[in-house]
Amino acid sequence: AARIANAPSPAMAYALQFLCTLLPTLLIEGLLLFAFGYRSKRSWLVFLLVNLVTQGGFAVYLAVTVLNHGVSGWSLIFYIPIEVIITLVELLLYRRLLTEKNKARAAVYAIAANLCSAVLGVDLLKMKGIFPMETEKLYYADPFLTDFTATVLDCQPGKNGYLVTLDRTAFYPEGGGQPADHGVLDRAAVTDVHEKNGVILHNVDRAVEIGKTVTGAIDWERRFDHMQQHSGEHICSGLICQRFHCDNVGFHMGADIVTIDFNADISWEELLEIEAKANQYLYENHPIDIQFHRGAELEAIDYRSKKALEGDVRIVAFPGADCCACCGTHVLRSGQVGLVKFLSVQKFREGVRIELLCGKRALEYLSKTWEQAKAIGQRLSVKPVDSEAAVERLEGELTSLKLRCTQLEESVFESIAKELA
C-alpha cells in the first residue's frame, strides 16, 4: 500500500493510449502493403473493412452496455455521432488514397487516416474503461480540500449501489490502514471508496449521469479524524522504533481505537515516556514533508517500510520523529494532531499491541474520563484528582466491615451451637 504510482499527466496518458491504438494499425497496414503494394485496392479495402468492423463493434458494445445498465444515454446522443463523423472522414481519406498517384500525398492521406482511426479507438476504449486513465488524486495535492468539481467518466451497478469513476477526486480510497472517505457527489451519498489500477471507484447510493460535472463534498470531520490518527500514529511509531530498534508490524485504524503492533517488549512506564515525547513534538509544531522519490534518491533515504519498494514511492517525513513510506492523508504540521494518548499495552505474539487515541478522539476520551472522576469525587465528597485515594479509603473501610461481619457471624454461630448442645 505504501507504493504509489506517480500518475502521468492527462496529456501523457492520452499519448500512451494513442500509441497503443496507432501502432497495431500501422503494423497491419505494413503487412498488407508488403503483400499487395500501396495502390492495391484489395489491401486498403480489406484493412478498411477490418477497421470499421472492429470500431463498429466497440460502438455497439458501448451502446448496449449503457442501455443495459440503465445509466445516462449521454454517450449515445453525443459521443457516438462524433465517432461516426471520424469514421466517415477516415473513409474519404482512404478513397483519396486509392486514386492518388503521388506517393508523398498518398503518405499524407495514409497518416491522416491512421490518426482518425487511432483517435476513434482511444475514445471508445476510454469511454468503456478498457484503458482508463488514472484518476487525478486531489487529496495528495491538498489534504484539506473538502469540495471539488469533477466529470463523471463512468457509472456502473455494483454490489451496494453504483460504482462511479471521476476524472479527478478528493475522496481518499481505503488503503494503508486508513479507512475511506465518505461524503456526497451532488445528491448521491458516497459510502465507500477504493482504488483499482490507479482508478478511484466511488460507491454511491444512486446512479450519476455520465459526462455530467458533479460537485463532491467529503465528510470533513471523518477525514480530519483519520488524518489526526494517522499522523499521530506515525509520530509515536517513529519514536518507539528509534528507542527500541524494533518494527511496526501491524496498524489498524478502527472507528474508536487505533492499535499498533511492535516486535519488541515495551513496558507501560516506557510507553508513557514515549507519550510525553510525542506530545512535546506536537507542541513544537513541526512542518511535515511529503514527497515522491525513486531510484538512487529513494535508496539514500532511511525510511520505515514493511517491505522493499521500487518505482515512485511516497515518503512521509516528520523531521526528528519519523520517516515512512505511506499512501495516507496527513496533517500539514505536527501541532494539528492536537494530542496523543496511550490507553494500554499488552503482550501480543512476539511483541506488544498498543492502543492509542489522537486529536479529538483523545480529547473526548479524556473529557469523559474526567466527568466520571468528577462524579465519583462528588459521591465521595472529594476533588476529582483525589478520587483514587478516596476509593482506596473506601475499600479499606469495606474490608474492615466485611471482617467485622465475619467475626459477628462466627460469634452468633458459636452461641447457637452452645444452646443446642
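How many residues does helix 7 have, and what distance does helix 7 reach from its first C-alpha to its last?

**View 1. Helix 7 along its length.** In this predicted model, helix 7 has 16 residues and reaches 23 Å from its first C-alpha to its last. That span is close to the 22 Å expected at 1.5 Å a residue. The helix comprises residues 268–283. Asn 285 follows helix 7 and has a positive phi, near 55 degrees.

View 2. Leu 271, Ile 274, Glu 275, Ala 278, Asn 279, Tyr 281 and Leu 282 are buried. These residues cover an arc of only 150 degrees around the axis, so they lie on the same side of helix 7. An α-helix has 3.6 residues a turn, so residues three or four places apart point the same way. Glu 269 and Tyr 283, on the other side of helix 7, are exposed.

**View 3. The cover over the buried residues of helix 7.** The elements covering these buried residues include helix 6 (220–244) and strand 12 (313–318). Strand 14 (340–348) and strand 15 (351–358) are also among them.

**View 4. Trp 268 and its contacts.** Trp 268 is located in helix 7. Its relative accessible area is 30%, so Trp 268 counts as partly exposed. Apart from neighbours within four places in sequence, Trp 268 is in contact with Phe 342, Leu 343, Ser 344 and Val 345. One of these, Phe 342, is 74 residues from Trp 268 in sequence, but the C-alpha to C-alpha distance between the two is 9.2 Å.

How values were computed: Residues are numbered from 1 along each chain as its sequence is written. This is a predicted model: local features need pLDDT of at least 70, side-chain atom pairs count only at pLDDT 80 or more; totals for chains, interfaces and linings use all residues. Side-chain values use heavy atoms; hydrogens and water are left out. Helices (H or I, at least four residues) and strands (E, at least two) are DSSP runs, numbered from the N terminus. Buried means under 20% relative accessible area, exposed over 50%, partly exposed in between (1.4 Å probe, protein chains only). Contact means heavy atoms within 4.5 Å. The expected span of a helix is 1.5 Å times one less than its number of residues. The arc is that of the directions from the helix axis to the C-beta atoms.
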